[in-house]
Amino acid sequence: MSRGPMKRRPARRLVAGAFDIVRTVGLALPDVEAATKYDGSPVLKVDGLFMAGLATHPSAEPDTLVVRAGLEDRERLAEDAPETYYYRSYPLVLVRLSRVEPDALHDLLSVSWRMTTAKARRRRPPRQSNVSSNR
């Protein structure tokens, strides 16, 4: 039975300007670009890879930021400040934007940036030498 094309839910609307500080802090890091996902929600990327963005999954609380984080980091954050951080399963941490301090946001985005740039380096093919060895 065909259901026809799947309808995408529109991105949740943030409290005015809540992602602006994320964008400002993120764009201060090298090679970060602001973009939008297929649903129009804002994201930050490094070399085309997701670094941080708004949570749009129905299980996420409104005005939540999704940031790459190591498994140990996300567990520590959620234990230390459950009112600000939580997670589901992936190597991501969910951040309640209304509760996160600017310094903590900078630290989170810096960690996410390092993880994302490392992943981007791993997926790039090794550089080829321009000198031919068939002379």
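Predicted model: local features only at pLDDT ≥ 70, side-chain atom pairs only at ≥ 80, totals over all residues.
1. Thr24 counts as exposed, because its relative accessibility is 53% and the cut-off for exposed is over 50%. This threonine lies in helix H1. Between Thr24 and Ala34 there are 9.6 Å in space, C-alpha to C-alpha, and the two are ten residues apart in sequence.

2. The overall make-up is as follows. The protein has three helices and six strands, and along the sequence they follow the pattern α-β-β-β-β-α-β-β-α. Of its 135 residues, 37% count as buried. Among contacts with a separation of 6 or more, 47% are between residues 24 or more positions apart. The accessible surface is about 9,300 Å², and carbon and sulfur atoms account for 52% of that area.

3. The six strands form an open sheet with antiparallel pairing, in the order E1-E2-E3-E4-E6-E5. Strand E1 (32-36) and E5 are at the edges and have a single partner strand each, so one side of each is left without a neighbour in the sheet. Helix H1 packs on this sheet and touches E1, E2, E3 and E4. The direction of H1 makes about 10° with that of E2.

4. Five of the five residues of E4 are buried, so the strand is largely enclosed by the rest of the structure. Thr64, Val66 and Arg68 point one way from E4, while Leu65 and Val67 point the other way. Burial applies to both sets, so a reader checking the model will find Thr64 and Arg68 under the 20% cut-off along with the valines and the leucine.

5. The pairing of E4 can be followed on both sides. E3 and E4 run antiparallel and are paired over three bridges; here Ala52 stands opposite Val67 in E4. E4 and E6 are also antiparallel, joined by five bridges, and in this pair Leu65 is opposite Val95 in E6.

6. Which residues have the most contacts inside the largest nonpolar core? They are Val22, Leu65, Tyr85, Val93, Val95, Leu108 and Leu109, in a core of 24 residues. The elements that give two or more residues to this core are helix H1 (18-27), strands E2 (42-46), E3 (49-54), E4 (64-68) and E6 (92-96), and helix H3 (102-123). H1 gives the most, with four residues. As general background, nonpolar side chains tend to be buried together in soluble globular proteins.

7. Leaving aside residues up to four places away in sequence, Leu108 touches Val67, Leu77, Tyr85, Val93, Val95 and Val100.

8. Arg74, Leu77 and Ala78 are buried in H2. These residues cover an arc of only 95° around the axis, which puts them on the same side of the helix. The general rule is that an α-helix has 3.6 residues a turn, so residues three or four places apart point the same way. The buried residues of H2 pack against strand E5 (85-86), E6 and H3. On the face turned away from the buried side are the exposed residues Glu72, Glu79 and Asp80.

9. Asp47, in the loop between E2 and E3, has a phi near 55°, which is positive in a residue other than glycine. Its relative accessible area is 34%, so Asp47 is partly exposed.

10. Asp63 is the other aspartate with such an angle: its phi is positive, at about 60°, although the residue is not a glycine. Asp63 lies in the loop between E3 and E4. With 22% relative accessibility, Asp63 counts as partly exposed, because buried means under 20%.

How values were computed
Residues numbered from 1 in each chain as written. Heavy atoms only, no water. Core = buried A, V, L, I, M, F, W, Y, C linked by side-chain atoms within 4.5 Å. Buried < 20%, exposed > 50% of the residue type's maximum accessible area, 1.4 Å probe, protein only. Contact = heavy atoms within 4.5 Å. Pairing = 2+ DSSP bridges. Areas by Shrake-Rupley, 256 points an atom, 1.4 Å probe, with all protein chains shown as cover. Arc of directions from axis to C-beta. Axes fitted to C-alpha atoms, helices over the stretch in contact; angles between N-to-C directions.
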